[in-house]
Amino acid sequence: MAAVGHTVAAVPAEAQIPTNDPAKTTLNVNGRAYRLILDTRTTLLDALRDHIGLTGSKKGCDQGQCGACTVHIDGVRVLSCLTLAVTVQDRKVETIEGLAGADGTLHPVQQAFIDHDGFQCGYCTPGQIMSAVACIREGHAATDDDIREYMSGNLCRCAAYPNIVAAIRQARDRMGPNATGKA
């Protein structure tokens, strides 16, 4: 309101938009290096889905509240929708596509989700599985209450929670004591 009666110089439209020059980025995903040129604002989720073609990680809320985009970076679970791709350059990124063995053998958590019908529509399943693997590796799957607490960042709209807890228990028991600790 204070500007009423004063002239304001017009700024060309292109000067108003901050420039984000594309950055050469190398992402190490599931043991393979991907050399990309990305806008520095590109999230890891968008880089995985739109630039690399790995669509297992899902875009649920795009606000870090649902966990559908969960991946591992250097063995630690992260929300890829809140992580800028350029910040994980040359770090080890693991997605749901990289969890199974090279021969196609399912990871114990993947198999347990099938055995216990730990999914219904399946949309949240990749994020649930990635969080479950981390939950077990972190040593947070000792009790059902622990599992529920450390999986609480992953939402399932279909409410398959009892089956998810049962699947994590089974996978924890099959993975054994070597599964604990940070990967």
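Modeller: Helices (H or I, at least four residues) and strands (E, at least two) are DSSP runs, numbered from the N terminus. This is a predicted model, where local features need pLDDT of at least 70 and side-chain atom pairs count only at pLDDT 80 or more, while totals for chains, interfaces and linings use all residues. Residues are numbered from 1 along each chain as its sequence is written, and side-chain values use heavy atoms, with hydrogens and water left out.

Biologist: What is the mean pLDDT of the protein chain?

Modeller: The mean is 90, and 87% of the residues reach 70 or more. pLDDT is the predictor's confidence in each residue, from 0 to 100.

Biologist: Where does pLDDT stay under 50?

Modeller: Over residues 1–9, for which the model has zero contacts beyond four places in sequence. Contact means heavy atoms within 4.5 Å.

Biologist: Strands next. How many bridges join β1 to β2?

Modeller: Seven, with β1 (residues 23–29) and β2 (residues 32–38) running antiparallel. Two strands pair if DSSP finds at least two bridges between them. Thr-25 has Leu-36 as its bridge partner in β2.

Biologist: And what sits in the turn of that hairpin?

Modeller: Two residues lie between the strands, and Asn-30 in the turn has a positive phi of about 55°.

Biologist: Now the largest nonpolar core. Which residues touch the most other members?

Modeller: Val-109, Phe-113, Ile-129, Ile-136, Met-151, Ile-164 and Ile-168, out of 24 residues in that core. At least two core residues come from each of α3 (108–115), α4 (125–137) and α6 (161–175). A nonpolar core is a set of buried Ala, Val, Leu, Ile, Met, Phe, Trp, Tyr and Cys residues joined through side-chain atoms within 4.5 Å. Buried means under 20% relative accessible area, exposed over 50%, partly exposed in between (1.4 Å probe, protein chains only).

Biologist: What is Val-109 in contact with, leaving aside neighbours within four places in sequence?

Modeller: Ile-129, Ala-132, Val-133, Ile-136, Ala-171 and Met-175. Another core, of 15 residues, lies apart from that one, and Leu-36, Leu-38, Val-88 and Val-93 are among its members.

Biologist: Back to α4. How many of its residues are buried?

Modeller: 13 of its 13 residues, so the helix is mostly covered. Its 13 residues should span 18 Å at 1.5 Å a residue, and the end C-alpha atoms are 18 Å apart, which agrees. The expected span is 1.5 Å times one less than the number of residues. Just after α4, Gly-139 takes a positive phi of about 80°.

Biologist: Which parts does the Asp-115 and Arg-174 pair tie together?

Modeller: Their closest N and O atoms are 3.5 Å apart. Asp-115 lies in helix α3 and Arg-174 in helix α6, so the pair ties together parts 59 residues apart in sequence. Asp-115 is partly exposed at 40%, and Arg-174 counts as exposed at 53%.

Biologist: And what separates Asp-145 and Arg-148?

Modeller: About one helical turn, because they are three residues apart in helix α5. Asp-145 counts as exposed at 55% relative accessibility, and Arg-148 is partly exposed at 45%.

Notes. A salt bridge is a side-chain nitrogen of Lys or Arg within 4 Å of a carboxyl oxygen of Asp or Glu.
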